[in-house]
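Okay, thanks for coming, everyone. Let me put the structure up and walk you through a few parts of it.

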Amino acid sequence: MSLQSLALIENWPVPTAAAGVVRADGTVLGTHGPADHRFPLASVTKPLAAYAALVAYEEGAVELDEPAGPPGATVRHLLAHTSGLAFDEHRTMSAPGERRLYSNAGFEQLGDHIAKATDIPFAEYLRQAVLEPLGMTSTSLEGSPAKDGVSTVADLLRFAAELQAPRLLDPRTVAEAMTVQYPGTKGVLPGYGHQNPNDWGLGFEIRGAKSPHWTGSSSSPRTFGHFGQSGTFLWTDPEARVAAVALADRAFGPWAVEAWPAFTDAVLTEVRG
């Protein structure tokens, strides 16, 4: 089976794009475009970094509720974008747990915290904890754990299968990561404006009832994932029992706001068909 809906990426106004869909058992339902082409992930780096953080938690290197980041904040706050840190600056904008302030700085402090706790540079920890065990040999972290990952559709489909049927983590840990942290918290979803509530798990955005949104109108509220400013996204829809990855080399903008939901709805329609 190869999904016809994936061919919609040919209509995207981008130089290069690739996409794929995978089931929980690792069955790839189809790919389109150069699945082995390495793309900058931008913020799709965050779910990978979060998964490494959860491995560190299960290994006993860190606790989710131990102090990390600004005063009063914890590892959990950093993962859930509620530490109070600014978007791209290491300064505090609000008290921990008060607002959903989407923060690259928070993920950088998370990476530093785990590097200190494990005595391994974070990029290397990510490689050992997540990338190597999943066979993601074309993926690397080349700087900030918030935004400097590089990967391929083929590799991210391996990660997306792991999210649906965890082998590296206890399924209960992954379920917690996909559960809303600090429910009812308001905040801005980058590119999509103020959302109330702005639901987020541990490193993964949760669709909930957000509108507008980068997933589809037929995506279930339990859908979780992330998109990146480099024109990239990964979502998993637990109700459809499927995950999708799309990578492109044009910055997020109005083209993506228009193209991505239609792509997602077409994929879901075909999968459910």
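When I say buried, I mean under 20% relative accessible area, with exposed being over 50% and partly exposed in between, using a 1.4 Å probe and protein chains only. Strands and helices here are DSSP runs, E of at least two residues for strands, H or I of at least four for helices, numbered from the N terminus.

Two housekeeping points. This is a predicted model, where local features need pLDDT of at least 70, side-chain atom pairs count only at pLDDT 80 or more, and totals for chains, interfaces and linings use all residues. Numbering runs from 1 along each chain as its sequence is written, and side-chain values use heavy atoms, leaving out hydrogens and water.

So, strand 1, residues 17-23: six of its seven residues are buried, so the rest of the structure largely encloses it. What does strand 1 pair with over seven bridges? That's strand 11, residues 242-248, in the antiparallel sense, and there A19 sits opposite A246. Strand 1 also pairs antiparallel with strand 2, residues 28-32, over four bridges; pairing takes at least two DSSP bridges. In that one, V22 faces V28.

Now the inside. A nonpolar core is a set of buried Ala, Val, Leu, Ile, Met, Phe, Trp, Tyr and Cys residues joined through side-chain atoms within 4.5 Å. The largest has 55 residues, with L79, V130, L156, F159 and F204 making the most contacts inside it. Helix 1 gives the largest share, nine residues. Apart from that core lies another, of 31 residues, including V14 and W260.
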